[in-house]
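This report describes the architecture, cores and selected side-chain interactions of a single protein model. Please read it alongside the sequence and coordinates shown below.

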Amino acid sequence: MAKSIQEQALEIAQLLEDGKAENVTVIDVSELNSWTDFFVIATIRSSMQIQGLQKQVKDYVKENDMQIHLTNRKQPDGDEWNLIDIGPVVVHLMSQEARDFYELEKLWHAGKVLR
């Protein structure tokens, strides 16, 4: 049986946590916008960690017949905030500084926090 989008979002969150990402949060934003259903937000500590976690997420996407959508950003991906758009799930890998500054959990406070 196919996994639900929610199950996939939670599995991605677990994958990030297993990769030593910190403060991993999943927010159901499906009622709040038309372009995605879940945010997975994680704090990362280094560019090496970002690269490793990105690879794990990409492998997961491939294994689960999902697709990564390329994002158009004005600035190149740096170590502060890295976004992986999988359509129904958007993964945010953020430094502690970026997470404190952007406060996505506050911005999307109307969403349901699943973890």
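## Basis of the description

The model is predicted, so that local features require pLDDT of at least 70 and side-chain atom pairs count only at pLDDT 80 or more, while totals for chains, interfaces and linings use all residues. Residues are numbered from 1 along each chain as its sequence is written, and side-chain values use heavy atoms, with hydrogens and water left out.

## Sheet and helices

Five strands form an open sheet in the order 3-4-2-1-5, with mixed pairing. Helices (H or I, at least four residues) and strands (E, at least two) are DSSP runs numbered from the N terminus, and two strands pair if DSSP finds at least two bridges between them. The edges are strand 3 (81-85) and strand 5 (112-113), each of which pairs on one side only. Strand 1 and strand 5 run antiparallel and are joined by 2 bridges; Ile27 stands opposite Val113 in strand 5.

Helix 1 packs on the sheet, where it touches strand 1, strand 2 and strand 4, and its direction makes about 5° with that of strand 2. Helix 2 lies across strand 3 and strand 4, running at about 5° to strand 3. Contact here means heavy atoms within 4.5 Å; axes are lines fitted to C-alpha atoms, for helices over the stretch in contact, and angles run from 0 to 180 degrees between N-to-C directions.

## Nonpolar cores

A nonpolar core is a set of buried Ala, Val, Leu, Ile, Met, Phe, Trp, Tyr and Cys residues joined through side-chain atoms within 4.5 Å. Buried means under 20% relative accessible area, exposed over 50%, and partly exposed in between (1.4 Å probe, protein chains only). The largest core has 22 residues, and those with the most contacts inside it are Ile12, Leu16, Val40, Ile86, Val89, Val91 and Leu93. At least two residues each come from helix 1 (5-18), strand 1 (22-28), strand 2 (38-43), helix 2 (47-63) and strand 4 (89-94). Helix 2 provides the largest share, 5 residues.

Beyond its neighbours within four places in sequence, Val91 is in contact with Ile12, Leu16, Val40, Asn82, Leu83, Ile84 and Ile86. A second, separate core of 10 residues includes Val29, Ile41, Leu104 and Trp108.

## Salt bridges

The model contains 6 salt bridges, each defined as a side-chain nitrogen of Lys or Arg within 4 Å of a carboxyl oxygen of Asp or Glu. One of them joins Glu22 and Arg45, with the closest N and O atoms 2.5 Å apart. This pair links distant parts of the chain, since Glu22 is in strand 1 and Arg45 is in the loop between strand 2 and helix 2, 23 residues apart. Glu22 is partly exposed at 32% relative accessible area, whereas Arg45 is exposed at 52%.

Arg99 and Glu105 form another salt bridge, their closest N and O atoms being 2.4 Å apart. Arg99 is buried, at 5% relative accessible area, while Glu105 is partly exposed at 25%. Glu103 and Lys106 also meet through their side chains, at 3.5 Å from N to O; Glu103 is partly exposed at 35% and Lys106 exposed at 57%.

## A buried loop asparagine

Asn33 lies in the loop between strand 1 and strand 2 and is buried, at 15% relative accessibility. Its side chain reaches the backbone oxygen of Val29 at 3.2 Å. A polar atom of the Asn33 side chain also lies 2.8 Å from the backbone nitrogen of Trp35.

Notes: A polar contact is a pair of N or O atoms within 3.5 Å; within protein, one must be able to donate a hydrogen and the other to accept it, and residues adjacent in sequence count only if both atoms are side-chain atoms.
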